[in-house]
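Trainee: Could we go through this model together, from the overall make-up down to single residues?

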Amino acid sequence: MATTLFFLLFFTLFLYSAAAPNHNSPQDLVRSSCINASYPSLCLRTLSSYSGPTGTPRDLAQAAVKVSLARARKAWTYLKTSVTGKSERERAALSDCVEQMAESVDELSKTLSELKHLRGETFEFQMSNARTWVSAALTYEDTCVDGFEGVDRKVKGDVKKKITNVAMVTSNALYMIRRLDESGGLNR
């Protein structure tokens, strides 16, 4: 009887360990997490080269938001200092885009702060905030690009290239936040 019980226990543990995801290293978690992201190769490239922790779903969500925030800040600075519009229409589009990217940076900053302070009793509310704020950041980024309809192709192309890259990493950040939410914050 004891042998049978031991065998059943051992067999159950074996099945559980075989069915559970096996993330032997943070890189394994990055690979398995990025495979279904909106932009998998960009996700893998940015999070594999990320110098901070990436060993848990929470780490990955924070890393993805940090990457997005850094790129949004860089694009915002670029728009403020490097791009000039020749026509009134171009200047208006640039001014609006600078404003929208500042809003995107603000939304991503709030998200990062929220992810750094997750608590069990308010986890669902905090994750809802994070999803909402990153979605808003994406909307600001998309609206920025949309504002350049009818503008000189070179100016539009420069801005679109920068902002589209930001939007892609922001979309991946939203995916990582959803994964964290679905995990219930395990291994926070």
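Mentor: What follows is a set of questions and answers on a predicted model.

Trainee: What percentage of the residues in the chain is buried?

Mentor: Buried here stands for a relative accessible area under 20%. The chain has 188 residues, and the buried share of them is 39%.

Trainee: What part of the accessible surface belongs to carbon and sulfur atoms?

Mentor: The accessible surface of the chain totals about 10700 Å². Of that area, the part belonging to carbon and sulfur atoms is 56%.

Trainee: Among contacts with a separation of 6 or more, what percentage comes from residues 24 or more positions apart?

Mentor: The count takes in the contacts in the chain with a separation of 6 or more. Residues 24 or more positions apart account for a share of 74%.

Trainee: Are α4 and α5 roughly parallel or antiparallel?

Mentor: Helix α4 covers residues 57-81 and helix α5 covers residues 88-116. They pack with axes 9 Å apart, at an angle of about 160°. Angles over 145 degrees count as roughly antiparallel, so α4 relative to α5 is roughly antiparallel.

Trainee: How many residues in the contact of α4 with α5 are nonpolar?

Mentor: The crossing of α4 past α5 is left-handed. In the contact of α4 with α5, 5 residues are polar and 5 are charged, while the nonpolar ones number 16.

Trainee: How are α3 and α4 oriented to each other?

Mentor: Helix α3, residues 40-48, packs with α4 at an angle of about 95°, and their axes are 10 Å apart. Angles of 65 to 115 degrees form one class, and α3 and α4 are therefore roughly perpendicular.

Trainee: Which residues in α4 do L42, T46 and L47 meet?

Mentor: The contact of α3 with α4 divides into 6 nonpolar residues, 1 polar and 1 charged. On the α3 side are L42, T46 and L47; on the α4 side they meet L60, A63, A64, V67 and R71.

Trainee: Is S128 buried, partly exposed or exposed?

Mentor: S128 is found in helix α6, residues 123-146. With a value of 29%, S128 is partly exposed.

Trainee: What distance separates the C-alpha atoms of S128 and R178?

Mentor: Along the chain, S128 and R178 are 50 residues apart.

Note on methods. Residues are numbered from 1 along each chain as its sequence is written. This is a predicted model: local features need pLDDT of at least 70, side-chain atom pairs count only at pLDDT 80 or more; totals for chains, interfaces and linings use all residues. Side-chain values use heavy atoms; hydrogens and water are left out. Axes are lines fitted to C-alpha atoms, for helices over the stretch in contact, and angles run from 0 to 180 degrees between N-to-C directions. Helices (H or I, at least four residues) and strands (E, at least two) are DSSP runs, numbered from the N terminus. Angles under 35 degrees count as roughly parallel, over 145 as roughly antiparallel, 65 to 115 as roughly perpendicular and the rest as oblique. A crossing is left-handed if the near helix is turned anticlockwise from the far one by less than a right angle, and right-handed if clockwise. Ala, Val, Leu, Ile, Met, Phe, Trp, Tyr, Cys and Pro count as nonpolar, Asp, Glu, Lys and Arg as charged, and the others, Gly among them, as polar. Contact means heavy atoms within 4.5 Å. Buried means under 20% relative accessible area, exposed over 50%, partly exposed in between (1.4 Å probe, protein chains only). Accessible areas come from the Shrake-Rupley method with a 1.4 Å probe; for residues, only the protein chains shown count as cover.
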